[in-house]
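Hi everyone, thanks for making time. Let me put the model up, and then we can walk through it together.

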Amino acid sequence: MSELLTRITQIPGQCGGRPCIRGMRIRVSDILEMLAENVSVSEILEDFPDLEPEDIQACLLFAARRTDFVRLTA
């Protein structure tokens, strides 16, 4: 699973240092927003022919890991 995360890159000066996919100027946030707006994976892949299905999975895993907060108990 963690090899998926190697598809996510952050390069200073590219897209403001935001996480992108494999060094391309396709931001993780753009893919996540499209998924949130019910754009299907097949539509995304059709619109961005340089993307691979694993890139979409990597975006989802990246987001999941970024929102994994330590749970506090009383």
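Aspartate 30 has a relative accessible area of 25%, so it is partly exposed; by that I mean between the cut-offs of under 20% relative accessible area for buried and over 50% for exposed, with a 1.4 Å probe and protein chains only. Its side chain meets that of arginine 27 in a salt bridge, 2.8 Å from N to O. A salt bridge here is a side-chain nitrogen of Lys or Arg within 4 Å of a carboxyl oxygen of Asp or Glu. Arginine 27 is at 24% relative accessibility, so it counts as partly exposed too.

A word on the source: this is a predicted model, where local features need pLDDT of at least 70 and side-chain atom pairs count only at pLDDT 80 or more, while totals for chains, interfaces and linings use all residues. Residues are numbered from 1 along each chain as its sequence is written, and side-chain values use heavy atoms, leaving out hydrogens and water.

Back to the charges. How many salt bridges does the structure hold? There are 4. Arg7, Arg22, Glu52 and Asp55 are linked in a network of them. Within it, arginine 7 pairs with glutamate 52, the closest N and O atoms being 3.1 Å apart. Arginine 7 sits in the segment before strand 1 and glutamate 52 in the loop between helix 2 and helix 3, so this pair ties together parts 45 residues apart in sequence. Arginine 7 also bridges to aspartate 55, with closest N and O atoms 2.6 Å apart. That pair links distant parts of the chain as well, since aspartate 55 is in helix 3, 48 residues from arginine 7. Buried or exposed, these two? Both aspartate 55 and arginine 7 are buried, whereas glutamate 52, at 32% relative accessibility, counts as partly exposed.

Now the helices, which are DSSP runs of H or I, at least four residues, just as strands are runs of E, at least two, all numbered from the N terminus. In helix 1, residues 28-36, the buried ones are Val28, Ile31 and Met34. They cover an arc of only 130° around the axis, which puts them on the same side of helix 1; the arc is taken over directions from the helix axis to the C-beta atoms. They pack against strand 1, strand 2, helix 2 and helix 3, contact meaning heavy atoms within 4.5 Å. After helix 1 comes asparagine 38, with a positive phi near 65°.

Helix 3 has Ile56, Cys59 and Phe62 among its buried residues.
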